[in-house]
Amino acid sequence: MSLYKQSLAELRFGLDTRQFSARELTEAFLARVGTHDAVLNSFISRVPEAALLAADQADVRIAAGEKAPLLGIPYAHKDIFCTQGVRTTCGSKMLGDWVAPYDATVHQRLNAAGAVMLGKTNMDEFAMGSSNENSAFGAVKNPWDHAAVPGGSSGGSAAAVAARLVPWATGTDTGGSIRQPAAYCGVTGIKPTYGRVSRYGMIAYASSLDQGGVLAPSAADCAIGLQAMAGHDPRDSTSAAQPVPDYSADLNQSLAGLRIGVPRQWFTAGLDATVAARIEDALRVFEQQGAIRVDIDLPDAELALAAYYLIAPAEASSNLSRFDGVRFGYRCAEPRDLMDLYERSRSEGFGSEVKRRILIGTYALSAGYYDAFYGRAQRARRQVAENFAAAFAQCDVIAGPVAPTVAFDLGAHASDPATMYLEDIYTIPVNLAGLPGMSIPVGFSGLRPVGMQLIGAPFTEARLLATAHQYQQQTDWHLRMPAAYEEGSV
Amino acid sequence: MSLNANQLKHVAHLSRIAIDEAQVPAMLQDLNAILAFAEQLQDPRLDKLMPMAHPLDQTQPLRPDRVTERDERVVLQAGAPAVAQGLFLVPQVIES
């Protein structure tokens, strides 16, 4: 079988049995990126020389008998993870040519694991967006339908994995930024529990919500990627000091008796009928495997949306104050004085959506408005967390849609940015409560993929991955890829 | 609660973001569409709840008060727009 269609376990077997070398594997994927990415625009930076060097080092380790799951296997980083020696732009003109002076913990871990980075993927600027159209490096196309967005903010990672330009990619998720693009591009994505993956060196958007994770074709692939990324990091004060289970070993947990909660409030008028039908199909597959469907209440999605669009901008306005035209990246030309330098550097360096969120956040935190906005939003956050706690008293896993629709057309929300926020209505509550969530492909509406969301209690990633994996043993949606990206089709 | 033009200009200044007068009406429309979501937060059920800052209600860990970082000024300043003799350069702020 062609290398680009193989799972991470199959690639591991091929490398360990010398069917191909890490160099050959890396060359094969680099060639695919070279062939296809001019159209897709899923990468901001490619690093072919560094990738081949890393592949050669992996071949030496493999030859020495080392066994490690990701050793010699290519991947791509969302361009939000700091990488020494390779520019980290965060999708922004502000950091257009900025090179981080240190590696993110996630990058250090993947380097130590011998994973081979092919480049850094496109994203909405500072991870703010649901379409990848807010990138200073241009929009990304959805490989299933070039008229559609790939979702965001990890849109480049999702598109690259869907087109099989990389076997897997990292992502980050603050309000849905792994799960929604995974759904739109027909790949599997996992956002772990808040604190599971270190945020050190992951450029901050909203620090109490941001969490790194994985996008890959299958849940089994996600398990391998997450295993390498997860774990306690003393350099991130919010990192969880919890042991990391063996995610791959736990994949074969049976679904028999698993109680799957289906939120009544999520299957209402706002949900596209075809998306709802594909979710119902998937629920039947779970039931055939012995899972028990439980209808549950999960109210307050609109309340969560309101809370998120104050909390996230408030934290962003604080985090992004560091980009001042003095210490990092972009500076405006010929500043008149210091205030002009600050104001014009930030006005020219940030895109419209980032500026909107900074302004909203500054307003929400300003004197006289803090209690009315930020304080109320934090109370709403507790309400959302309590709703989930009540739901998990009745079920083990929650299942529902990832987004109200399939991928929308490029430019569809350009004239009214707030309407795009509604795309996040099912994903945002999960971030507010800090829970792990996944998206798995469950079919199509026309050309465009449909994703199902699985949500678990804190630190139940193993259960979620196993639930997804058992579904993927019975279905082949995760194995489908867009025909235009098959070899020989160009 | 919605923003008016004067409040927007004040918030833009607090944010250190220059805005053109011509942009103000469109920005007000976009920002007030976002703030309209906040009406939801007047829900009286929230009155009795404690604000939640960390999703898992964790508190900050403490560590010994020991120096852990070396001086890496040269490396850290490499990404700055203008540097000389170990200093970040900005327009003159003190009159000569």
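**Close-up views of chain A**

**View 1. Crossing of α9(A) and α11(A).** The axes of α9(A) and α11(A) cross at roughly 95 degrees and come within 7 Å, and because angles of 65 to 115 degrees count as roughly perpendicular, α9(A) is roughly perpendicular to α11(A). On the side of α9(A), the contact is formed by A:Leu310, A:Pro313, A:Ala314, A:Ala316 and A:Ser317, while α11(A) contributes A:Arg357, A:Ile358, A:Ile360, A:Gly361, A:Thr362, A:Ala364 and A:Leu365. Sorted by class, the residues in the contact of α9(A) with α11(A) are 8 nonpolar, 3 polar and 1 charged. The model shown in this and the other views is predicted.

**View 2. Packing of α9(A) against α12(A).** Two packed helices are described by the angle between their axes and the distance between the axes. For α9(A) and α12(A) the angle is about 130 degrees and the axes are 8 Å apart; these two helices are therefore oblique to each other, and α9(A) passes α12(A) in a left-handed crossing. From α9(A), the residues that make the contact are A:Leu303, A:Ala304, A:Ala306, A:Ala307, A:Leu310, A:Ile311 and A:Ala314, and from α12(A) they are A:Phe373, A:Tyr374, A:Ala377, A:Gln378, A:Ala380, A:Arg381, A:Gln383 and A:Val384. By class, the contact of α9(A) with α12(A) has 12 nonpolar, 2 polar and 1 charged residues. A:Leu310 and A:Ala314 of α9(A) take part in this contact and also in the contact with α11(A).

**View 3. The side of chain A that touches chain B.** In the predicted model, 56 residues of chain A are in contact with 43 residues of chain B. The elements of chain A that give two or more residues to this side are α9 (301-319), α10 (338-349), α11 (352-365), α12 (371-391) and α13 (417-421), and of these α12(A) gives the most, with 12 residues. The side of chain A that touches chain B comprises, by class, 30 nonpolar, 13 polar and 13 charged residues.

**View 4. Chain A as the setting of the close-ups.** Chain A has a secondary structure of 15 helices and 11 strands, and its radius of gyration of 21 Å is close to the 23 Å that the globule rule gives for 490 residues, so chain A is as compact as a globular protein of that length. Its C-alpha trace spans about 65 × 55 × 45 Å along the principal axes, and 62% of the 490 residues count as buried. Among the contacts in chain A with a separation of 6 or more, 76% are accounted for by residues 24 or more positions apart.

Conventions: Residues are numbered from 1 along each chain as its sequence is written. Chains are lettered from A and ligands numbered from 1 in the order in which they are written. This is a predicted model: local features need pLDDT of at least 70, side-chain atom pairs count only at pLDDT 80 or more; totals for chains, interfaces and linings use all residues. Helices (H or I, at least four residues) and strands (E, at least two) are DSSP runs, numbered from the N terminus. The radius of gyration is taken over C-alpha atoms; the globule rule is 2.2 Å times the number of residues to the power 0.38. A residue is buried if 20 or more other C-beta atoms lie within 10 Å of its own, exposed if 12 or fewer, and partly exposed in between; C-beta atoms are placed from the backbone. Two residues are in contact if their C-beta atoms, placed from the backbone, lie within 7 Å. Ala, Val, Leu, Ile, Met, Phe, Trp, Tyr, Cys and Pro count as nonpolar, Asp, Glu, Lys and Arg as charged, and the others, Gly among them, as polar. Axes are lines fitted to C-alpha atoms, for helices over the stretch in contact, and angles run from 0 to 180 degrees between N-to-C directions. Angles under 35 degrees count as roughly parallel, over 145 as roughly antiparallel, 65 to 115 as roughly perpendicular and the rest as oblique. A crossing is left-handed if the near helix is turned anticlockwise from the far one by less than a right angle, and right-handed if clockwise.
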